[in-house]
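Work through the exercises below with the model open. Try each task before reading its solution.

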Amino acid sequence: MIQVNLLPPEYRKVEGTPVARLVAVLAGVFITATAVSVWGYVHFAILAKEQTKRAQMEEELVSLQALATRSQALLTEFKEYQARRGTIESIGKSRVLWSKKLDEFADVVHNKGDKKRHLVWFSGVRTGAPRGPGSAGVLSVDGWSGGDYTRLADFSEDVQKSEFFEDFMSIDPPRGELVQFQDALDPNTAWKFAAKLDLKESGWREKQ
């Protein structure tokens with residue numbers, strides 16, 4: 001049966017929104033609101049925080065890169081100095097530092113000012129070519145030993161016991177010619193002597 005509502009619109013009964021449509025609208029509003037809330041939270045809270053953290057990490061990275069570059073430069077410089085030091089030490093071990101050896105020799109001669117054991121002075125000190133197998137060179141000394149012969153022997157013994165003699169392999173035995181002085185100075189007699197000391201081969205300390 002067909003029903004026709006002949007009442008004017010203003011007198012007609014208002015029909016409610018269909019349930020399905022209402023549910024759909026409410027669901028859409030809820031989803032939209034949720035999405036907007038999530039976007040706002042992510043954008044203004046999490047994203048801002050992460051951007052701040054990223055900026056801090058980038059600053060830290062720049063600082064660390066500068067430190068790493070500096071450390072690498074220092075490491076390279078350290079290795080260069082280490083190589084130079086090794087070269088210098090190698091040269092020092094393979095060569096005789098004559099200024100040091102002459103200082104050590106002077107200490108033996110001076111004997112802390114004690115003239116009772118030996119009294120020696122020199123007229124010449126020079127180096128020369130090797131004179132035998134194993135010898136790297138020769139140090140020749142010419143001089144005088146005041147007093148009796150035993151003082152010359154004592155001086156030779158002191159030389160061989162000294163740090164100065166470490167770079168030498170042998171020394172000539174003490175011998176000389178007794179000379180009488182006509183002046184009134186002390187001593188009035190002395191042994192004129194000449195001795196040669198044979199140097200050890202270069203680099204003997206490294207080998208040892």
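Helices (H or I, at least four residues) and strands (E, at least two) are DSSP runs, numbered from the N terminus. This is a predicted model, in which local features need pLDDT of at least 70 and side-chain atom pairs count only at pLDDT 80 or more, while totals for chains, interfaces and linings use all residues. Residues are numbered from 1 along each chain as its sequence is written, and side-chain values use heavy atoms, with hydrogens and water left out.

**Exercise 1. The overall layout**

Task: state which pattern of helices and strands the protein chain follows along the sequence.

Solution. Start with the inventory: the protein chain has four helices and five strands. Then read along the sequence, which gives α-α-β-β-α-β-β-β-α. Next, take burial, where buried means under 20% relative accessible area, exposed over 50%, and partly exposed in between (1.4 Å probe, protein chains only). Of the 208 residues, 21% count as buried. Last, take contacts, meaning heavy atoms within 4.5 Å. Among contacts with a separation of 6 or more, 65% come from residues 24 or more positions apart.

**Exercise 2. Two helices crossing**

Task: describe how the axes of α2 and α3 cross, and name the residues that meet.

Solution. Axes are lines fitted to C-alpha atoms, for helices over the stretch in contact, and angles run from 0 to 180 degrees between N-to-C directions. Helix α2 spans residues 98-110 and helix α3 spans residues 149-161; their axes come within 10 Å and cross at roughly 140°. That makes α2 oblique to α3. The classes are: under 35 degrees roughly parallel, over 145 roughly antiparallel, 65 to 115 roughly perpendicular, and the rest oblique.

Now the hand. A crossing is left-handed if the near helix is turned anticlockwise from the far one by less than a right angle, and right-handed if clockwise. The crossing of α2 and α3 is right-handed.

Finally, the contact itself. From α2 come F105, V108 and V109, which meet F155, D158 and V159 of α3. These residues divide into five nonpolar, no polar and one charged. Here Ala, Val, Leu, Ile, Met, Phe, Trp, Tyr, Cys and Pro count as nonpolar, Asp, Glu, Lys and Arg as charged, and the others, Gly among them, as polar.

**Exercise 3. Aromatic rings**

Task: how many aromatic pairs does a search of the whole structure find? Classify F122 with F155, then F165 with F168.

Solution. Rings of Phe, Tyr and Trp (its six-membered ring) pair if their centres lie within 6.5 Å; planes under 30 degrees apart count as stacked, over 60 as edge-to-face and the rest as tilted. The search finds nine pairs. F122 and F155 lie 6.2 Å centre to centre with 55° between the planes, a tilted pair. This pair links distant parts of the chain: F122 is in strand β1 (residues 120-128), F155 is in helix α3, and 33 residues separate them. F122 is partly exposed at 24% relative accessible area, whereas F155 is buried at 5%.

Turn to F165 and F168. Their ring centres are 6.2 Å apart and their planes are at 20°, so the pair is stacked. F165 is buried at 12%, and F168 is buried at 2%. Then widen the view: F105, F122, F155, F164, F165, F168 and F193 form one aromatic cluster.

**Exercise 4. Positive phi**

Task: where are N111 and K112, and what is phi for N111 and for K112?

Solution. Most residues other than glycine have a negative phi. N111 has phi near 55°, a positive value. K112 also has a positive phi, near 55°. N111 is in the loop between α2 and β1, and K112 is found in the loop between α2 and β1 too. K112 is exposed, with 83% relative accessibility.
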